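Me: I'd like to learn how to read the packing in a model like this one. Can we walk through it together?

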Amino acid sequence: MDRFIATAKVGNTLIIEGEELRHIFAKRVKIGQELELFFEDKLYLCLLEKLTKKSALCIVIKELELTAPLPLTTLYQCVPVELRTMDFIVEKVSEVGASRLVPTLSKRSFQDIPTINKRMERWKRVALSAFKQCKRPKPLEIAPPTKLEELKVDADLNLLLDNFGGEKSLKDINLNGVKTVSLVVGPEGGFTRQESELLRERGFIPSETLSLHPTFRNRRAVRCGTYYEP
């Protein structure tokens, strides 16, 4: 079943306009067809009642339950120097099921916070697109940027994909009973020794995936680190 983002809600009717309306026409959705609509953090099963060049009107059949599978994963992703790479990371992190992404600044990452803030809306649009395509329960949340030194251990399991080596491989970590996971991934240049030691002292468990080393591509590390199959 196709999924779209609604523009507005009036009573029991959801309205689709703009870019999403163009998607309706591209997918050749017909009047009387059922579809899923997301609006203000809620997902609805709807029936397309009216379709014009300006809008689509959809009658709500019922609200769908949104239950994200455990564990809920927060990814602290050090922003790549090649900022466009972050678009790919947001897309893939959405596809593999992370619940929250926090753009993080480290010594070797992209540093300009105003530029990062300008990209936030784009990343949210990428996350919404992935939400529609892969039918995940909720869109990936894109949090405001933070600095590496401000990170704290606040999950049931707090992991660090460390280019200086880890205590165990990700595949050997037991997730039974774990409801929340925090995962810190460095930029393509890796963490500095000081950053690695700081995060270890804070309580992040150094882990490695495949043959992680300073030149390991962070896009690949992200996909390995956030993928979980119950």
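**Contacts, cores and strands**

Reply: Beyond its neighbours within four places in sequence, Leu-101 is in contact (heavy atoms within 4.5 Å) with Leu-75, Met-86, Ile-89, Val-90, Val-93, Leu-140, Glu-141, Ile-142 and Ala-143. This is a predicted model, where local features need pLDDT of at least 70 and side-chain atom pairs 80 or more, while totals for chains, interfaces and linings use all residues. Numbering runs from 1 along each chain as its sequence is written, and side-chain values use heavy atoms, without hydrogens or water.

Me: Which residues touch the most other members of the largest nonpolar core?

Reply: In soluble globular proteins, nonpolar side chains tend to be buried together. A nonpolar core here is a set of buried (under 20% relative accessible area, 1.4 Å probe, protein chains only) Ala, Val, Leu, Ile, Met, Phe, Trp, Tyr and Cys residues joined through side-chain atoms within 4.5 Å. The largest has 27 residues, and Val-90, Val-93, Leu-101, Trp-123, Leu-140 and Leu-159 touch the most other members. Two or more residues come from each of H2, S8, helix H3 (113-134), strand S11 (157-161) and S13; H3 gives the most, five. Helices (H or I, at least four residues) and strands (E, at least two) are DSSP runs, numbered from the N terminus.

Me: How many residues of strand S7 are buried?

Reply: Six of the seven in S7 (residues 72-78). Strands pair if DSSP finds at least two bridges between them. S7 pairs in the parallel sense with S13 (residues 180-185) over six bridges, and Leu-75 has Leu-183 as its bridge partner there.

Key. Buried < 20%, exposed > 50% of the residue type's maximum accessible area, 1.4 Å probe, protein only.
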